[in-house]
Structure formats: structure tokens, C-alpha cells
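Please read them with the model open.

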Amino acid sequence: MKIQGKMFMWLSLFFLAMAVVYGLWSKEPVGTTALFLSFGLSIMIGFYLGFTARRVDVGAQDNKEADVADDAGEVGFFSPHSWQPLSLAAGGAFAFAGVAIGWWLMYFSAPLLLIGLWGWVFEYYRGENRTQ
């Protein structure tokens, strides 16, 4: 985590330099403000990462001799046979198309979204997958 904190601190110095150069050169307040806000955000993230790096154990990313596999861990459980994301994707596509085409399309997307969400949440509470 220590290297990420240093990277954000260097990024914040870059944002500060670019904000000053951009502000003096263009005299445009909105972009200058955005760059100064990016500087502030980078400082906050870099300070947080540096502060917490002192409190946690050294990670594999801070060891120059580490392999990629040293930082690998449990990724999680992913259902390999689930059809519910397909229903959620179709419902989401219809919902976003409804914003562009017409709000009447939401009447078709809402049931698809609800069916997909309900099925995904309760997928392992019923049927053949109940014991997993």
C-alpha cells in the first residue's frame, strides 16, 4: 500500500503543476478549478493510503522480490450456470433505451429487472442448488 500512496502523492504534484500552468495560460476558471480539485482529491487518497500503510502488514506489492501469485487470494464464489444476469442485462438495456426512446418502455423493463433480481437473490434458496 505504501507504493500506491507515493504514486498518488506524485500524481497530486503533477495536478498542482498542471493547474498552475493551465490557470495562468488559459485564464479559464472551470478547468483550473477542476484541476485544483483533482489535486486535493489526490492528496487525500495519497495521505490515506500512506497513513494506513503504516498500520497494516507489508503487502506483496511493497516487496521488490514478490511474484504476482503472492498477492492472490480468495476471489469469491461465482455461479457458473446462472441465467439471471441475462434477464437483468435485458431489463437494464430496455430501461436505458426507455430514457432515450420513451418512458413507456419502462413498463417492459421493470418486470424483467424484478424477475432477474429476485431470481439472482434467491437462486441458492430453492431447487437443485439449495445445498450449495
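**Notes on the fold**

1. The elements of the protein chain run α-α-α-α from the N terminus on. That is 4 helices and 0 strands, where helices (H or I, at least four residues) and strands (E, at least two) are DSSP runs, numbered from the N terminus.

2. This is a predicted model, in which local features need pLDDT of at least 70, side-chain atom pairs count only at pLDDT 80 or more, and totals for chains, interfaces and linings use all residues. Residues are numbered from 1 along each chain as its sequence is written, and side-chain values use heavy atoms, with hydrogens and water left out.

3. On overall dimensions, the C-alpha trace of the protein chain spans about 60 × 45 × 20 Å along its principal axes. The radius of gyration of the protein chain is 24 Å, whereas a compact globule of 132 residues would have one near 14 Å. The radius is taken over C-alpha atoms, and the globule rule is 2.2 Å times the number of residues to the power 0.38.

4. Helix H1 (residues 2-26) packs with helix H2 (residues 29-53) at an angle of about 165°, their axes being 8 Å apart. H1 is therefore roughly antiparallel to H2 (angles over 145 degrees count as roughly antiparallel). Axes are lines fitted to C-alpha atoms, for helices over the stretch in contact, and angles run from 0 to 180 degrees between N-to-C directions.

5. H1 and H2 cross in a left-handed sense, that is, the near helix is turned anticlockwise from the far one by less than a right angle. By class, their contact has 17 nonpolar, 10 polar and 1 charged residues. Here Ala, Val, Leu, Ile, Met, Phe, Trp, Tyr, Cys and Pro count as nonpolar, Asp, Glu, Lys and Arg as charged, and the others, Gly among them, as polar.

6. The axes of helix H3 (residues 84-100) and helix H4 (residues 106-121) come within 8 Å and cross at roughly 155°. H3 and H4 are therefore roughly antiparallel to each other, and the crossing is left-handed.

7. Residues of H3 that meet H4 include Leu88, Gly91, Gly92 and Phe94, and among their counterparts in H4 are Leu112, Gly116 and Trp120 (contact means heavy atoms within 4.5 Å). By class, this contact of H3 with H4 has 12 nonpolar, 7 polar and no charged residues.

8. The UniProt annotation "transmembrane region", from an unreviewed entry, covers residues 7-25, 31-51 and 88-121. In the model, residues 31-51 are 100% helix and 0% strand, with end C-alpha atoms 30 Å apart. Residues 88-121 are 85% helix and 0% strand, and their end C-alpha atoms are 12 Å apart.

Methods. Angles under 35 degrees count as roughly parallel, over 145 as roughly antiparallel, 65 to 115 as roughly perpendicular and the rest as oblique. UniProt positions are given in the numbering used here, feature names are shortened, and annotations may be inferred rather than shown by experiment.
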